[in-house]
Amino acid sequence: MTPARPDPDALLRLAEQERSGRLKVFLGAAPGVGKTCEMLDDALGQARAGVDVVVGVVETHGRVETEARLRPLPVLPRKEVAHRGHTLLEMDIDAILERRPALVLVDELAHANAPGSRHDKRWQDVEEILAAGIDVWSTLNIQHLESLNDVVASFTHVRVRETVPDRLLDRAEIEVVDTPPDELIERLRAGKVYVPQEAARALHHFFSRSNLSALRELVLRRAAQAVDAQMLDDVRAQALAGTWATADRVLVAVGSHDAASDVVRAGRRLADALRAPWTAVHIETPGERGAQANARLAEAMHLATQLGGQVLAMPASGVVDGLAQAAADTRATLLVVGAPRPRRFAWQRRLTVDTLARRLPDLALQQVPVVHRAVPARLPAPVPDWRRLAAGLVPALGATALVTALGRLLFAAAPITNVALLYFLPVMLAATRYGLVTGVLTGLAASLAYNFFFIPPTGTFTIEDPQNIITVLVLVAVAAVSSQLAARLRQQALLAGASARTSAALAGFARLLTGVTTAEELGRVLCAEAARLLDAHAVLLLPTEGKLVVAAAFPPQDRLEVLDMAAAQWAFDRAQPAGRGSGTLTASEWLFTPLAAGGAPLAVLGLARGDAAAPVRSDRLPLLGSLVDQAGLALERIRLEHDMAGVRQLEERDRLRAALLSSISHDLRTPLTAVVGTLRELVPANEDQAPILATARAEADRLQRFIANLLDMVRIEAGAIALRPEAVDLAEAVASAVHDLRRTLGTRAVTMDIAPDLPLVMVDPRLFHHCLINLIENAARHGGEEGAITLAAQRRADGLDLRVLDEGPGLPPGMAVRIFELFTRVEGSDRKGGTGLGLAIVKGFARAMGLDVSAANRGDRAGACFTVHFSEHHLRKISPE
């Protein structure tokens, strides 16, 4: 017996997990069971143990108990995303990747990000963080799992739109957070989950006791399945023997008989009853099937795919051997087979079942009663292929005649008693090259020739010596047996050769993909190989400006019919096969299969036959799947290479910009210092020169602040800011900034509404002074010629806000976030003009100090309002003297 070897796929999955961060999911049945609190409690324990833990995003929903657990943990500021005139806060992936903590907490894994974010879904953000080698803890409710979305909707009558792919849960460590239904309902009534109005409505709909009980069962079963899958990966990676039947796993044997689809449906029902994963397997044995058998097999295997089962085709010398190997590979605990067709004798019916029971003693065997179509009492004899039979018989009989002539010559030279052994040569030749039937017929011809030419009386078919009768019978029997064995070896050799050719084709295709650098080149290679290997027409469609277009085809073509394009678009949108042979939009002549990577469709491969036959035979479906998977990975690699090229260009542009800013600022600073010093020393000779000199001094000061801003921007982008936080009085800081801008403000009215009893703020005085200077100067520049400026501070429950308000026209729609971007100047509004550096510096310095800065229009009158928010940990109360 061949020793067990580690499963390469399992080893690859384990190696990938070692390279990336680890994901832990706190899984619950419904909102309010305590997933977030449990995650925060565990995270606090990790932090006390010395692990670098940060909060990427945690939704408290105003719950006091959650906020209390969140307070001791460091929270990264969220990223502002503008959407339809509103500012939305989302998790800042770049800040997490730059911070590189050991563990990041990401609440609500199924959350949909705001439009304009890097990824559409939060679970995609988590995948990027994991790929950077950072561990992630997250929370999830069972109704958000993709495979159970429709199941939950069937009894709760609520279908959620935010779903998470099952593959994330399969790779994660799962901690089930469970709360009994009665306790959860009490929490809901107490207002600990929703506000009272929403709680009352939820109690009569989603949060009924029956719904919560069913959801708890789904959580426990799905967690057990994920743990079982991870255990099997470990077992396969270590090549451990045994079934490891910690959970049920169903294997359904699919044949090419007329009841194959019934067996698949029965296997699915049994797997659903056991809540177990299931696999449909077809054993490829030596021999040929007819067109109808191939069609029935293709229909059954496609049905298994539609019903959610895995599909496996395994070559073997016999059905029992193949099922034994498939059961070992899948670690199945239950084998489902269809009841055999009724036979004339009872022992014929017991033969297959008894053989399976003896060969697979560790497997539970389930016979599914199926209804076979009536079989006529007398089956018409199959019509033989006379041409192929004659093509084999002619050389075989010629070889028999040659052996007879050779035997006659030898027998004439000396009486030889074992001439019969010579006739095994043509028999073996015929069976090996032309099959069993030709071998048996050649054996009969050889026995007759031996009888006629070598057994006395020669020249007749009469046998006088009984010993010679035994010799002829043995010759016929041995010829038949050897023919059967030789034919079986030939079929196995052909089957092995076909498997080797398939493997070689996939290896060659993989080598071709390594040299592909563009999506168009990939399309040409894929279509050519798919057409050659699957004997079909092939076309590849890529998304362009929101719709699919033909990128490559073999034979060449540039368009598809409307129905075909509809099937291709459906396959792309839903990441599922469509078209002929798929069960969806079957009127199309093409079978469209999506190319996907990372759970997202990237393109669609279409296949069709020129003779209007099925696009892909059932036994070629695994080959199609391999081609599609390899092409999807190659397409994803090309896309990532293109994105990386764009990133490198941006990095080079940013490097050049930083170098230019640094060069300009340093080269201008020295002569400008001399100019400012000279202007301050000059004394006007008369009254006419005084306003001119004042204007020159003001513009020189303004240019000096601009150069300082350039230097500050370089320091921000270089990450060279050294913080020295101190307790600062807001009133004194604001008064100092207004004093330094007295020339710029002129006679403009400046109102300071800052209470003396406000707490001190922990900031870097120098950086905070720069922030105030730029905010006040911005208000003076864009608040109208005589518009007043108001600086107001207000204490809030979560901290303190300092606002700078002007009386200009305000901000145009959609600019509340963009106004802080580098070199942003909004044309056609009150914010036009300037360099676009001041507010970017404010944002950079504030972020470095851990402050939040936002912009909006005033609510009481026209004008803009810029707010600096100090959280609680930035505040220090004034000690009484």
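**Reading the chain**

Tutor: Start with contacts; contact means heavy atoms within 4.5 Å. Among contacts in the chain between residues at least 6 apart in sequence, 69% join residues at least 24 apart.

Student: What kind of model is this, and how are residues numbered?

Tutor: This is a predicted model, where local features need pLDDT of at least 70, side-chain atom pairs count only at pLDDT 80 or more, and totals for chains, interfaces and linings use all residues. Residues are numbered from 1 along each chain as its sequence is written, and side-chain values use heavy atoms, with hydrogens and water left out.

Student: How many helices and strands are in the chain?

Tutor: Helices are DSSP runs of H or I with at least four residues, strands are runs of E with at least two, and both are numbered from the N terminus. Here the chain has 26 helices and 25 strands.

Student: How much of the chain is buried?

Tutor: Buried means under 20% relative accessible area, exposed means over 50%, and partly exposed is in between, with a 1.4 Å probe and protein chains only. Of the 881 residues in the chain, 42% are buried.

Student: Now helix packing. At what angle do H23 and H25 pack?

Tutor: Axes are lines fitted to C-alpha atoms, for helices over the stretch in contact, and angles run from 0 to 180 degrees between N-to-C directions. H23 covers residues 730-740 and H25 covers residues 765-782. They pack at about 55°, with axes 9 Å apart.

Student: Which word describes how H23 and H25 lie to each other?

Tutor: Under 35 degrees counts as roughly parallel, over 145 as roughly antiparallel, 65 to 115 as roughly perpendicular, and the rest as oblique. H23 and H25 are therefore oblique to each other.

Student: Is the crossing of H23 and H25 left-handed or right-handed?

Tutor: Look at the near helix: turned anticlockwise from the far one by less than a right angle, the crossing is left-handed; clockwise, it is right-handed. The crossing of H23 and H25 is right-handed.

Student: Which residues meet there?

Tutor: From H23 come Leu730, Ala733, Val734, Ser736, Ala737, Val738 and Asp740. From H25 come Phe768, His769, Leu772, Ile773 and Ile776. These residues divide into nine nonpolar, two polar and one charged. Ala, Val, Leu, Ile, Met, Phe, Trp, Tyr, Cys and Pro count as nonpolar; Asp, Glu, Lys and Arg as charged; the others, Gly among them, as polar.

Student: How do H25 and H26 pack?

Tutor: H26 covers residues 838-848. The angle between H25 and H26 is about 150°, and the axes are 9 Å apart. H25 and H26 are therefore roughly antiparallel to each other. Their crossing is left-handed. Among the residues that meet are Leu767 and Cys771 in H25, and Ile841 and Phe845 in H26. The contact divides into eight nonpolar, four polar and no charged residues.

Student: What about the backbone?

Tutor: Most residues other than glycine have a negative phi, and most peptide bonds are trans. The bond from Phe554 to Pro555 is cis, with omega near -5°. Pro555 lies in the loop between strand S14 (547-554) and helix H20 (562-574).

Student: Is Thr179 buried or exposed?

Tutor: Thr179 is buried, with a relative accessible area of 9%. Thr179 sits in the loop between strand S7 (173-176) and helix H8 (181-189). Val33 is 146 residues apart from Thr179 along the chain, yet their C-alpha atoms are separated by 5.4 Å.

Student: And is Leu489 buried or exposed?

Tutor: Leu489, in helix H18 (residues 466-514), counts as exposed at 56% relative accessibility.
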